[in-house]
Amino acid sequence: MSELKHFSTLKEYCEGINIPPPKWELFDTRSFEANMKTVHAKMPPFKHEFYAIAIRLEGSGIVSTGNYKTDALKATVFFNSPYQILHWDIAPDWKGYYVIFSEEFYQSINTKNRISEAFPFLLVDKTVPLEVTQQQAQAFITTFQDVYDEFQLDANESKEIIQSYLRVLLLKVSRLFNSSVDQHQITLSHGQRDNDLNLVSRFKALIETSFYPDLSYTTSTPHQVQHYADQLNIHPNHLNAVIKRITNNSASEMIQKHVLALAKSRLTNSTKSVKEIAFDLYYEYPNHFANFFKRHVELTPSQYRNRAHK
């Protein structure tokens, strides 16, 4: 069984589905018509770390978002939240628009509240595709078009204007969702998912800060899951279960990916010795760092540095 693909940046996502790279790091909007020229018609299951909202006016084939499939013939609004599994098998005949954006983009002018606090429907596991009437579809298209046109203009204040349009779009989807779905059935679902996503976010933030320079560790190291479980006041097994459920990676794998990214960056962009880098990454013994790096990269740190500088 092949590993589930995971796109942590919009650039990776665009490359993964074979469309041109995004203009902005944390937000993108496209028309499906433009994507049809190059997008992979069939995408195996994958995850990304962004929120997305789309309206499909026309188009055949199936898109699976979370636990539901979008295969109706009518105009449809659908959405997904970070780490949900998606896949599709479509014909190149889709028409409509979508926006895709990060939590950070939303928060940058919408105070510091998480998007899920204002729009909890985004965290529902059962992200039901919502069929819309022709009149409703036109109202959505108007907002999507405003976002798209402003994004293409990319002028002064475009970011702030788009964020305002995005809030309008979210409010419209929220209203449609609340009028279409039985709220009693989804209360526990989105509450639990909100808690899980919050734990993942806190865990990722702890990983990053735990590898800041000149810290001191005595009882545990930032390479150990126990180190983070203690700070989060939960059992390591529970932490690992939540991380696995949301990201499809174990807690250890997420730590290792961060360490590898830091190691590669420092080997490429600094003149420090491998031994110094090992100590900077809180390895007590440099040979442990070298063994870890070679196991994952299939090159020694020195070999990796030499290749990067050729």
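Q: Which residue in β9 does T29 stand opposite?
A: This is a predicted model, in which local features need pLDDT of at least 70, side-chain atom pairs count only at pLDDT 80 or more, and totals for chains, interfaces and linings use all residues. Residues are numbered from 1 along each chain as its sequence is written, and side-chain values use heavy atoms, with hydrogens and water left out. Strands are DSSP runs of E with at least two residues, helices are runs of H or I with at least four, and both are numbered from the N terminus. β2 and β9 pair in the antiparallel sense over five bridges, and T29 stands opposite V99.

Q: In which order do the five strands form the open sheet?
A: Strands of a sheet pair through backbone hydrogen bonds, either parallel or antiparallel. Two strands count as paired if DSSP finds at least two bridges between them. Here the pairing is antiparallel, and the order is β2-β9-β4-β7-β10.

Q: Which are the edge strands?
A: An edge strand of this sheet pairs on one side only. That applies to residues 27-31 and 130-131, the strands β2 and β10.

Q: In β7, which residue is the bridge partner of I55?
A: Strand β4 covers residues 51-58 and runs antiparallel to β7, with five bridges joining them. I55 has as its bridge partner in β7 the residue V77.

Q: Are the residues of β2 buried or exposed?
A: Buried means under 20% relative accessible area, exposed over 50%, and partly exposed in between, with a 1.4 Å probe and protein chains only. F27, T29 and S31 point one way from the strand, while D28 and R30 point the other way. Five of the five residues fall in one class, so β2 is largely enclosed by the rest of the structure. That class is buried.

Q: How many residues apart in sequence are the parts that the pair of F78 and W94 ties together?
A: A search of the whole structure finds 24 aromatic pairs, meaning Phe, Tyr or Trp rings (six-membered ring for Trp) with centres within 6.5 Å; planes under 30 degrees apart are stacked, over 60 edge-to-face, and the rest tilted. The centres of F78 and W94 are 6.3 Å apart and their planes are at 90 degrees, so the pair is edge-to-face. F78 is buried at 9% relative accessibility, and W94 is buried at 3%. Because F78 lies in strand β7 (residues 76-80) and W94 in the loop between β8 (86-90) and β9 (95-101), the separation in sequence is 16 residues.

Q: Which helix holds Y228, the partner of F203?
A: F203 and Y228 form an edge-to-face pair, 5.4 Å centre to centre with 85 degrees between the planes. F203 is buried at 0% relative accessibility, and Y228 is also buried at 0%. The pair ties together parts 25 residues apart in sequence, because F203 lies in helix α7 and Y228 in helix α8.

Q: At what distance from the ring centre of W94 does R56 lie?
A: A charge sits over a ring if NZ of Lys or CZ of Arg is within 6 Å of the ring centre and within 35 degrees of the ring normal. K23 lies over the face of F151, at 4.5 Å from the ring centre. R56 lies over the face of W94, and its distance is 5.0 Å.

Q: How far apart in space are W88 and P44, C-alpha to C-alpha?
A: W88 is found in strand β8 and is buried, with a relative accessible area of 10%. In sequence W88 and P44 are 44 residues apart, and C-alpha to C-alpha the distance is 7.0 Å.

Q: How many charged residues are in the lining of the largest cavity?
A: On a 1 Å grid over the protein atoms alone, a cavity is a set of points where a 1.4 Å probe fits but cannot get out, and lining residues have an atom within 4 Å of a point. The largest cavity has a volume of about 290 Å³, taken as the space filled by probe spheres set on the points, which are joined across faces, edges and corners. Of its 21 lining residues, Y13, F32, F78, W88 and Y98 are the closest to the centre. The lining divides into 17 nonpolar and four polar, and the number charged is none.

Q: Which element supplies the largest share of the lining of the largest pocket?
A: A pocket is an open set of points with protein on both sides within 12 Å along at least five of seven lines, and the largest has a volume of about 1,500 Å³. Among its 40 lining residues, H6, S8, E49, Y83 and K204 lie nearest the centre. The lining holds 14 nonpolar, twelve polar and 14 charged residues, where Ala, Val, Leu, Ile, Met, Phe, Trp, Tyr, Cys and Pro are nonpolar, Asp, Glu, Lys and Arg charged, and the others, including Gly, polar. The largest share, eight residues, comes from α10.
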